[in-house]
Amino acid sequence: MKALSLSTALLTALLAHPAGAEEGGPVSLAAAQASADATVKQMKPEEMTILTHGIMPLALGGAAGPIPADAIPGAGYVPGIPRLGIPALKETDASLGVSYVGGVRKDGATALPSAVAQAASWNSALVYRGGAMIGSEARAKGFNVLLAGGVNLMRDPRNGRTFEYFSEDPLLSGVLVGAAIRGVQSNGIISTIKHFALNGQETGRKHVDVRISDAAARESDLLAFQIGIEQGQPGSVMCAYNRVNGHHACDNDYLLNKVLKQDWGYKGFVMSDWGAVPGVEAAIHGLDQQSGEQLDTALFFGDVLGRKAVSDPAYAARLADMNRRILTAIHAVRLDSNPPVPGGKIDFAANAQVAEEVARQGIVLLKNADKVLPLAATARSIAVIGGYADGGVLSGAGSSQVHGEKGPAVARPQSAKEGPFSSFFAQQYHRSSPLDAIAARATQAKISFRDGRYIADAVEKARQSEVAIIFATQWTTEGLDVPDLSLPDGQDALIAAVAAANPRTIVVLETGGPVKMPWLDKVAAVVEAWYPGARGGQAIASVLFGETNPSGRLPISFPASEAQLPRPKLDGSDWVEPNFIGEVGPENRALTADYDVEGSDVGYRWFARQGQKPLFPFGYGLSYTSFESGGLKMSGLSARFTVRNSGTRAGDEVAQLYLVSRAGTPKRRLAAFSRVSLEPGARQTVSVSIDPRVLADWNGHGWTMPGGDYVFALGKDAETLGQPISIRLPAKSWKD
Ligand code: BGC
């Protein structure tokens, strides 16, 4: 897709998706821009800085003043200009549902599984449905901006926000986030894509300076954003907390002006992350709106910006452009003529089904020795151990935390300290008990539950039972990375002891991302359920008992140890001071993260380059049936092959096509993928086309593919590749 078509495509699709819009047809691109221009012309000087900044409409104390009467408790509020018919922007988090804002909102919302769980479905149509569902709830609650679309590449599995992101691959991430954004915006509201860019860790998130070359960035993290923007056309891009090559991401001429607006032709607006604006110059460097202004050191995009615009034509031109961009996004989805009205009806039962379907398709079966799974409904005794499985399923914390209709089943505070953000950080379990869902399916079994706190007690129960199912949890949160990839709270010892007592031990993981499994050889089965959302317990049980044939595939490599990572020690992890939400920590201490170590070889590409074997590779996942893929034929950048269900159950396969080498040099890249549903014995021909950017290098001005032999192979995963085939492609260079 070319830059020229991007800007047009952006607005066309912004305009084309007001599914929640009842009256009138889509607004044309020309009409949205013309309205924006006309409105800017009518704005009085003192009105020019109304849309350029907003507050958190919460009682945080400080100098923000009273909260306006029409604000809804949520993440953000930007006042409108009633005289000109411009609505206020009412913003809520996030990608997994309408968040509960630290306990302020008690009205319930449907929690999707974590984004990494969504991505494990490799199913963009399903991810679209999830986005449409959470967007409809945002709209029903009166919000017109959803702070969704987290798409930072998973460069480090210890990142506390891994659960909020899609994958380690730019193609998979870009396609899926695009689908999620389209779904959200189908409700006639704006979605963001975030956090632009290279926000790869939470440790020192406001200080860390990410060093990376232009080429490496364009071929990895930026490519994920580029594809996501092309396919999702979000009204807004949220810039990130971190610095990139010395400059704050929200005050970064290279990222915002050069890459996003100039090279990609983006016409929407850039909003800051909350508390990420260093000064008024950010306007010149491409930032359009200051969000959550109480969290910054000053309000820069109000009077300060207004005064600059009076004396400096560069600021005056930017101020007009900032308003034009915000208004174009508003007009494009008709926020003005078709505003959300609070108090809309929400069908929680129907929405929970969407969440459950996402969980079912995102659960990954990692091990299944001797076909211990699926469990027979006739099992006579089952020991269920740990993970609050009697209450619910774990969720990730921070600004994306969602509360279900009756709040969480269990909430464990993580800090004894009081403070405005303390309620953001609690271990919360959604009300969907795996124990109950198991009991409902194994009606003839004696089912015992042990919380797992006493190993001997859990072992005794496991010994007495036919099967032991351990629920192991790793809680993660925005603002805090995990120090290593082990399961916390002694769970490794619990699992090892239970597995020693019962060879039919099944481990169900509810984790933010990858964990190490020192007990892997001892257990019979491992199921990665991630944070499985509002109906996670049901989804897990349906996989355990075979109603759902597992079809999830890992969207992130599971390393065997931290030593395999590009940065075995996480930068900043040796800080003496606590670093909660990346706020506390010596302001003046230099913290850099050198992403040029791996460059664009993130995740499986790094493992391939290093010749290292992870614990489980990217793309990996088992099924209760078996699939055979073959007959790969390539013609230019189109590929065709067949997939056959060679087993005895219906199931879904995620066909994966990888570049293996290019012009004689090894180069592992996910080139294309397709999810296929097949009855036993059925076969399907699959056609995919390859985005050439995935095969290319960034040359400083555009993309280059060297001429030569390109070797491709179908993969069960990024490591287990089938028969390679080679095609000769001519040298080619093109502008973005
Ligand atoms: C997060 C964003 C979020 C914002 C508003 C920030 O701390 O990084 O993802 O949208 O808060 O809650």
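Does aspartate 601 count as buried or exposed, and why?

Reply: The model is a predicted one. Aspartate 601 counts as buried, because its relative accessibility is 14% and the term covers values under 20%. Its place in the chain is the loop that runs between strand β19 (592–594) and helix α16 (604–610). The side chain of aspartate 601 forms a polar contact of 3.3 Å with the side chain of arginine 669. Arg669 is also among the residues that aspartate 601 touches once those up to four places away in sequence are set aside; the others are Trp606 and Arg609.

A pair of aromatic rings is described by two quantities, the distance of the centres and the angle of the planes. The structure holds 11 aromatic pairs. In one of them, the ring centres of tyrosine 604 and phenylalanine 618 are 4.5 Å apart and the planes meet at 20°, so this pair is stacked. The two partners come from distant parts of the chain, 14 residues apart: tyrosine 604 belongs to helix α16, while phenylalanine 618 is in the loop between α16 and β20 (627–635). Both places are shielded: tyrosine 604 is buried, with a relative accessible area of 3%, and phenylalanine 618 counts as buried at 0% relative accessibility.

Tyrosine 604 has another ring partner, tyrosine 658. Here the centres are 6.0 Å apart and the planes stand at 75°, so the pair is edge-to-face. This pair, too, links distant parts of the chain, for tyrosine 604 in helix α16 and tyrosine 658 in strand β22 (residues 651–662) are 54 residues apart. Tyrosine 658 is buried, and its relative accessible area is 0%. Ring pairs join Tyr604, Phe618 and Tyr658 with Trp122 and Phe673 into a cluster.

In aspartate 93, an N or O atom of the side chain is 2.5 Å from an oxygen atom of the ligand. For aspartate 273, the distance from a polar side-chain atom to an oxygen atom of the ligand is 2.7 Å. For lysine 194, the corresponding distance to a ligand oxygen atom is 2.9 Å. Taken alone, the ligand exposes 310 Å², of which the protein buries 94%.

Aspartate 93 is joined to alanine 94 by a cis peptide bond, with omega near -5°. Alanine 94 is in the loop between β2 (89–93) and α3 (115–119). Lys194, in turn, is in contact with valine 151. Valine 151 is in the loop between β3 (145–147) and α5 (170–185), and it counts as buried at 1% relative accessibility. Beyond its neighbours within four places in sequence, the contacts of valine 151 also include Tyr165, Phe166, Ser173, Val177, Ile193, Ala224 and Phe225. From valine 151 to tyrosine 165 there are 14 residues in sequence, yet their C-alpha atoms are 5.1 Å apart in space.

Finally, some features of the backbone in other loops deserve attention. A cis peptide bond leads from leucine 373 to proline 374, with omega near 0°. Proline 374 is in the loop between β10 (364–368) and β11 (381–385). Asparagine 245 has a positive phi, near 45°, although it is a residue other than glycine. Its place is the loop between β7 (243–244) and β8 (247–248), and asparagine 245 is partly exposed, with a relative accessible area of 34%. Aspartate 489, which is not a glycine, has a positive phi of about 60°. Aspartate 489 is in the loop between β16 (467–474) and α14 (491–501). With a relative accessible area of 63%, aspartate 489 is exposed, whereas aspartate 601, with which this answer began, is buried at 14%.

How values were computed. Residues are numbered from 1 along each chain as its sequence is written. This is a predicted model: local features need pLDDT of at least 70, side-chain atom pairs count only at pLDDT 80 or more; totals for chains, interfaces and linings use all residues. Side-chain values use heavy atoms; hydrogens and water are left out. Helices (H or I, at least four residues) and strands (E, at least two) are DSSP runs, numbered from the N terminus. Buried means under 20% relative accessible area, exposed over 50%, partly exposed in between (1.4 Å probe, protein chains only). A polar contact is a pair of N or O atoms within 3.5 Å; within protein, one must be able to donate a hydrogen and the other to accept it, and residues adjacent in sequence count only if both atoms are side-chain atoms. Contact means heavy atoms within 4.5 Å. Accessible areas come from the Shrake-Rupley method with a 1.4 Å probe; for residues, only the protein chains shown count as cover. Rings of Phe, Tyr and Trp (its six-membered ring) pair if their centres lie within 6.5 Å; planes under 30 degrees apart count as stacked, over 60 as edge-to-face and the rest as tilted.
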